[in-house]
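Colleague: I am new to this one. Could you take me through it?

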Amino acid sequence: MSRHQGNDKRNPGSGRQGGFKKDSFSRGNAPVRSNSAGFSRNENKSAQPKAKAKPESDEIRLNRYISNSGMCSRREADIYIHSGNVMVNGEVVTEMGYKVKPGDVVKFDGATITPEKKVYVLLNKPKNFSTSADGVRSNENVLSLVKNASKSQLQAVGRMDKTTTGLLLFTNDTEMITKFTSANQRSSKLYHVSLDKNLKFEDLEKIKKGLYIDDHKIFVEEIDYIENEAKSEIGVKMKTANVKIVRKIFEELDYNVIKLDRVTFAGLTKKNLPRGNWRFLTDQEVINLKNF
């Protein structure tokens, strides 16, 4: 199994004799965000001074409020408003251009929404950074790596121990967090596992059939040797977001996991994302996650 392979049926593993080929990453990922300096020309200095800008009002147009909440675009919000699907302070509002005041309670299709724009950040986590809430202010916490991504309060989707590396998603979208951390979530993750010794073929077959761990039978979607590498390098595809389960599978058969790297997460890959760097998800990637 390739450390980069997604769920591509056109490039299946070759089973016992081969493993999975190292193929290219899936398309559609956004490049790593970079900062660039902006320059402006100070032309026409003799021109008349501009009028003072009016102070911004705390009020916000209803369609923008809905759009900022991440529910839909402004144009789509206008349709919902016109259809009577939006309420402000318990009253249906169909007026185009209606402005929401601070403290107003807005409901969209029955759900209370907030104007904070949803942010989705993908990190290629390096070693020695924790997801534990105990060290939120620590430089060794993963939040320190994405602190410049947004002023919103971001949370990691799932947890990783310090030694595990790879893809970790951050967002202020609580529904997204709940979706991908619930026990019944169905998104696939691909892990590259490095063991302290070669994995015996009979043990690989045991894992394929399912192992009992703490009285629960654990199944993997796929497992194989990584092509053109030592038999200690294993690719494992599972739906669990709990990396501890991945470690326990091999520890149950007396192998020590030296390295554990998550190379895909719910269709997202590490393309153009070096270790320790982050990027925002594209609009299409966010749609894909919501449709899982």
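Modeller: What follows is a short exchange on a predicted model.

Colleague: Which hand does the crossing of α3 and α6 have, left or right?

Modeller: Two packed helices are described by the angle between their axes and the distance between the axes. For this pair, those values are roughly 55° and within 11 Å. As α3 passes α6, the crossing is left-handed.

Colleague: Which residues of α6 make the contact with α3?

Modeller: Both helices contribute. From α3 come Met 176, Lys 179 and Phe 180. The contact residues divide into four nonpolar, no polar and two charged. On the α6 side they are Val 286, Leu 289 and Lys 290.

Colleague: Which elements give two or more residues to the lining of the largest cavity?

Modeller: The structure holds one cavity of 30 Å³ or more. About 40 Å³ of space lies in the largest cavity. Its lining includes Arg 61, Leu 62, Asn 63, Asp 78 and Ile 81. The elements that give two or more residues are α1 (62–68) and α2 (74–82).

Colleague: How many residues of that cavity lining are charged?

Modeller: Glu 95, Met 96, Gly 97 and Tyr 98 are also among the lining residues. Four of the lining residues are nonpolar and two are polar. The number of charged residues is three.

Colleague: Which element gives the largest share of the lining of the largest pocket?

Modeller: About 590 Å³ of space lies in the largest pocket. Of its 18 lining residues, the closest to the centre are Gly 70, Lys 117, Tyr 120, Asp 283 and Val 286. Two or more lining residues come from each of α1, α2 and α6. The largest share, four residues, comes from α6.

Colleague: In which loop is Asn 128 found?

Modeller: Most residues other than glycine have a negative phi. Asn 128 is not a glycine, yet its phi is positive, about 70°. Its loop lies between β7 (120–125) and β8 (155–156).

Colleague: What is the phi of Asp 214?

Modeller: Asp 214 sits in the loop between β11 (211–213) and β12 (216–218). This residue is not a glycine, but its phi is positive. The value is about 55°.

Note on methods:
Residues are numbered from 1 along each chain as its sequence is written. This is a predicted model: local features need pLDDT of at least 70, side-chain atom pairs count only at pLDDT 80 or more; totals for chains, interfaces and linings use all residues. Side-chain values use heavy atoms; hydrogens and water are left out. Axes are lines fitted to C-alpha atoms, for helices over the stretch in contact, and angles run from 0 to 180 degrees between N-to-C directions. A crossing is left-handed if the near helix is turned anticlockwise from the far one by less than a right angle, and right-handed if clockwise. Contact means heavy atoms within 4.5 Å. Ala, Val, Leu, Ile, Met, Phe, Trp, Tyr, Cys and Pro count as nonpolar, Asp, Glu, Lys and Arg as charged, and the others, Gly among them, as polar. On a 1 Å grid over the protein atoms alone, a cavity is a set of points where a 1.4 Å probe fits but cannot get out, and a pocket is an open set with protein on both sides within 12 Å along at least five of seven lines; lining residues have an atom within 4 Å of a point. Grid points are joined across faces, edges and corners, and a volume is the space filled by probe spheres set on the points.
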